[in-house]
Amino acid sequence: MQIEVHGRNLQVTEELRELISRRFEKVSRQVSELAVLRVELHEEHNPSNPLAQKAEATLFLKGVTLCAKDAARDMPRAINLTSEELSRQVKRVRDKRRGPRAGNGTGPMPYGDAHAYEPQEQPAAGT
């Protein structure tokens, strides 16, 4: 997965880039190598807003685009919240692509049990 990091009103340091790559590692294991993740970090200069650090992540996959936004008092917490939200979205998309019955344990019946579920013959209505 390719990661692009952009900052608005904020200098993106090497430390923030490493933090982003570590936090989004779980997402990168679930998606293709061709996927592109764009992370945008920004800080609001409003003293009345306690959640001034914001992180926004957009993941471009084949056929779908996922977006997650979160805000916190500090940037590492905002990045952590965003990565968790994006991870949930990726899991949901993967489960949908596998089909409605994938992984719920309802497979074909074993051979021995097939005879137990054969319909019984009904007596004739006039008898």
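Lysine 91 and aspartate 95 both sit in helix α3 (residues 75-98), four residues apart, or about one turn of the helix; helices are DSSP runs of H or I with at least four residues, strands are runs of E with at least two, and both are numbered from the N terminus. Their side chains form a salt bridge at 3.3 Å, N to O, the term meaning a side-chain nitrogen of Lys or Arg within 4 Å of a carboxyl oxygen of Asp or Glu. The model is predicted: local features need pLDDT of at least 70, side-chain atom pairs count only at pLDDT 80 or more, and totals for chains, interfaces and linings use all residues. Residues are numbered from 1 along each chain as its sequence is written, and side-chain values use heavy atoms, without hydrogens and water.

**Salt bridges between elements**
- The whole structure contains four salt bridges.
- Arginine 38 pairs with glutamate 4, with the closest N and O atoms 3.3 Å apart.
- Arginine 38 belongs to strand β2 (residues 36-43) and glutamate 4 to strand β1 (residues 2-8), so this pair ties together parts 34 residues apart in sequence.
- Glutamate 44 and lysine 54 form a salt bridge at 2.9 Å, N to O.
- Glutamate 44 lies in the loop between β2 and β3 (53-61) and lysine 54 in strand β3, ten residues apart, so that the pair links distant parts of the chain.

**Accessibility**
- Lysine 91 is partly exposed at 48% relative accessibility (buried is under 20% relative accessible area, exposed over 50%, partly exposed in between; 1.4 Å probe, protein chains only).
- Aspartate 95 is partly exposed at 34%.
- Arginine 38 is partly exposed at 34%, and glutamate 4 is partly exposed at 30%.
- Glutamate 44 is partly exposed at 30%, and lysine 54 is partly exposed at 24%.
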